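Have the chain view open as you read.

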Amino acid sequence: MRSFSGMSRSLATAVVVAGGVLCSALVMPTARAAEPISIGVIAPESHVLGKSIFNAAELAADEINKAGGINGRMLELHKYNNNFSAADSSRAFQRAVQQDGVVAMMGIFTSEVALAMMPWASRLQTPLLVTGAASSEIPAGVKANPERYKYVFHSYVNSAILAQESCIVANATLTQSDKFKGFNRAVIFSEDAAWTKPVDESYLKCLPKVGIKVVDHIRFSPDTTDFTPIYSRIKKADANVIMAAVAHVGVKPVIQWKQQEVPALFTGINGQAGSSKFWAATNGATEGVITGTPGLNGAPLTDKTPAFFKAYTKRFDIGEPAYDAYTTYDAMYALKDALVRSDGGGDADKLVKALEKTDFTGVLGRVAFHGTGDDYAHEVIFNQDPTKGQSFVAFQWQDGKQVIIWPEKLAKGKIRLPAFVSQSQK
Amino acid sequence: MNLIIEILISTFIIGAIYALGAAGLTIIFGVSGILNLAHGAIVVVASLVAWYCALQLNMGIYLGGLVGIAAAILTTYVLYFTVVIPLSRSRQLASEELPVFLFVSTLLFALILQGLLEWFFGATPVSTPAMIDGVVHIAGVTVPLNSLLIGVVAWAVIGALWLFISHTRMGKAMLAASMSPKGLAIVGYDIGRIHFLVWGLYGLLAGIAGVLLASFIGASSNVAINLTATSFTIVVLGGLGNVLGSLAAAYILGFLGTVTAFLISPSLREVPGLLLLIVVLYARPQGLFGRH
């Protein structure tokens with residue numbers, strides 16, 4: 001009996017242990033399924049365009065979580081302030097992957113930072129979605145070395161496209177217009193940064209094609225504080241159009257353009273002017289400034305745009321979403337879809353494959369990426385028709401509002417010249 | 001001809017702001033022997049607080065400017081009471097080590113201040129509205145009235161400073177303190193009180209410079225170090241502690257920078273001044289107008 005009793009105790013113990021193992025085996029997948037999926041977001045926190053990235057990512061993550069997350073797993077955002085520094089960004093990327101367990105990183109407003117982080121995406125084997133930087137070197141790098149840079153996706157159109165679109169806008173609103181066709185002498189006015197080099201090249205090619213003569217080409221340091229010598233040069237060149245490529249700077253050149261009454265229309269690309277806060281930041285000096293941007297004012301590019309615009313402005317006191325809020329929001333949903341298709345993103349290569357198959361309608365238009373063999377490898381497809389790709393609008397600051405002037409079907413107004421520009425044309 | 005006039009007008013305005021910005025720094029060095037590396041950050045405090053009060057709190061440019069100046073004075077006294085006084089009175093520091101510790105401590109104070117400014121105001125540049133709108137045409141050159149006014153106000157403040165130092169009892173006491181603090185103590189002056197007032201005067205000058213700067217070219221938290229570097233260059237070039245030397249150096253630097261910006265490239269504006277500084281430090285280490 002004792003041995004039987006001992007045997008039954010042993011059996012009971014074995015049954016308990018086996019039961020425990022079985023139970024834990026049954027319970028473990030459920031526990032794993034409930035684990036959040038970590039996503040990294042990186043941007044300069046103190047900058048208005050950095051805040052837009054963080055806000056849009058937060059808004060999208062909360063919406064996705066409220067809708068049930070990724071197959072029941074919640075998204076957990078980890079935010080990293082990079083202070084515009086490539087070194088800080090690289091360190092943050094390593095910490096994000098190795099300590100915080102992020103399965104993908106997104107954000108970045110500065111092209112130099114994006115280019116510095118690309119090799120880290122490869123070393124850390126973690127997808128990187130660039131949502132605010134525009135350098136065409138980003139897709140060019142992926143195309144040149146697809147095996148190495150397959151983890152990099154560009155969720156914003158590159159700067160060469162932005163320049164081409166600006167030329168199209170100048171053609172449609174200036175040279176093709178009876179009223180403004182005299183605005184045909186341009187100065188290219190670019191901050192010295194990685195993203196503006198392709199812009200300048202594009203401007204030099206496309207402006208003459210639309211009937212605008214390039215009379216001078218000025219590149220200046222983003223640290224420039226006094227633009228008097230530059231504006232003096234523009235006046236001497238007798239230019240009446242400033243084709244800008246500025247994003248790091250924005251406030252100072254615009255304020256001094258107004259104060260010094262530079263008799264040239266300020267147009268092209270002005271990243272900061274896309275923020276609704278720009279009117280206050282320039283004390284209204286931005287009146288008359290024209291710029292192009294992928295999204296604006298909730299312009300109904302798709303049926304999702306107004307809802308995003310409403311939710312963003314209701315939730316954040318930063319004002320209306322800037323361009324990189326739109327691109328980041330769409331990138332979050334692209335990532336969400338890819339995470340669903342790749343079983344939570346545990347396998348980075350599966351996640352990359354899933355991202356490559358992205359195809360849905362976002363707030364800026366259709367979201368799909370070019371293949372690695374295309375010229376703009378792993379970049380979001382651009383098209384003036386939002387049903388075919390990420391789209392673009394141009395607006396002018398008028399009486400404190402960003403009034404869309406192009407494309408015609410979305411336009412809410414026509415170009416109005418600032419008094420000091422119109423007087424000079426008489 | 002137009003170009004020469006443009007350069008002269010631009011030099012007048014830039015030189016006036018440089019001079020005002022450096023005046024307080026050189027007075028502080030002359031009287032207390034401290035090279036204050038928090039200077040740029042204190043100037044930016046005035047700029048950003050003035051902008052915040054003027055536009056975010058709708059107080060208007062003039063009242064906002066006054067609050068900005070008050071904020072600079074307050075920040076200066078925080079530096080004085082939390083860094084300068086405790087270190088100066090510390091018994092653990094040898095007297096020959098004190099200038100180095102004060103130098104480094106003001107730098108640390110600047111970094112802390114810059115971080116706080118960035119946290120509160122962000123890094124996006126801001127600008128206060130023009131005090132006066134419109135332009136004036138001088139010999140075919142278009143000049144914003146606001147810029148001219150800023151140059152005139154800066155010179156008015158420098159003139160008032162000169163009157164204060166040369167025609168008031170307290171001003172003369174400050175001047176004497178820069179020459180012989182012991183002598184001044186022997187004749188019955190309270191050196192501690194003079195230092196307290198000099199730091200207040202410094203805060204006032206830095207505050208006015210900051211408010212004018214915000215209206216001229218705008219300001220952001222990350223320009224603090226550049227402002228310190230420019231003022232530092234002027235003060236060393238003119239001769240440490242020499243106010244007239246600083247005024248002359250401000251205009252030399254302003255002229256060289258403006259000529260370079262107009263004729264070569266605005267990106268190289270700072271380079272000639274720094275090259276001149278190196279040459280002066282080799283040939284005349286006490287500065288262009290300093291005494292041995």
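Q: In β8(A) of this predicted model, which residue is the bridge partner of Ala186(A)?
A: Strands β6 (residues 185-191) and β8 (residues 241-246) of chain A pair in the parallel sense, over five bridges. Helices (H or I, at least four residues) and strands (E, at least two) are DSSP runs, numbered from the N terminus. Two strands pair if DSSP finds at least two bridges between them. Within β8(A), Ala186(A) is bridged to Val241(A).

Q: What is the handedness of the crossover from β8(A) to β9(A)?
A: The chain leaves β8(A), passes through helix α10 (residues 251-259) of chain A and reaches β9(A). A crossover is right-handed if, with the strands pointing away from the viewer, the path from the first strand over the helix to the second runs clockwise. This β-α-β crossover is right-handed.

Q: How many bridges join β8(A) to β9(A)?
A: β9 of chain A covers residues 265-270 and runs parallel to β8(A). Ile242(A) has Phe266(A) as its bridge partner, and Val246(A) has Asn270(A). The number of bridges joining the two strands is six.

Q: Is β8(A) mostly covered or open, and how many of its residues are buried?
A: Buried means under 20% relative accessible area, exposed over 50%, partly exposed in between (1.4 Å probe, protein chains only). Val241(A), Met243(A) and Ala245(A) are buried on one side, and Ile242(A), Ala244(A) and Val246(A) on the other. β8(A) is mostly covered, and the buried count is six of six.

Q: Which strands stand at the edges of the four-stranded open sheet of chain A?
A: The order is β7-β6-β8-β9 in chain A, with parallel pairing. Each edge strand has a single partner, so one side of each is left without a neighbour in the sheet. The twist averages 20° from one strand to the next. The edge strands are β7 (213-220) and β9 of chain A.

Q: What angle does the direction of helix α8(A) make with that of β7(A)?
A: Helix α8 (residues 196-209) of chain A packs on the sheet, touching β6, β7, β8 and β9 of chain A. Contact means heavy atoms within 4.5 Å. Axes are lines fitted to C-alpha atoms, for helices over the stretch in contact, and angles run from 0 to 180 degrees between N-to-C directions. The angle is about 170°.

Q: Which strands are at the edges of the open sheet of three strands in chain A?
A: This sheet has the order β10-β13-β14 (chain A), and the pairing is antiparallel. Each edge strand has a single partner strand, so one side of each is left without a neighbour in the sheet. The edge strands are β10 (290-293) and β14 (401-406) of chain A.

Q: What do the numbering and thresholds rest on?
A: Residues are numbered from 1 along each chain as its sequence is written, and chains are lettered from A and ligands numbered from 1 in the order in which they are written. Side-chain values use heavy atoms, leaving out hydrogens and water, while totals for chains, interfaces and linings use all residues, local features need pLDDT of at least 70, and side-chain atom pairs count only at pLDDT 80 or more.
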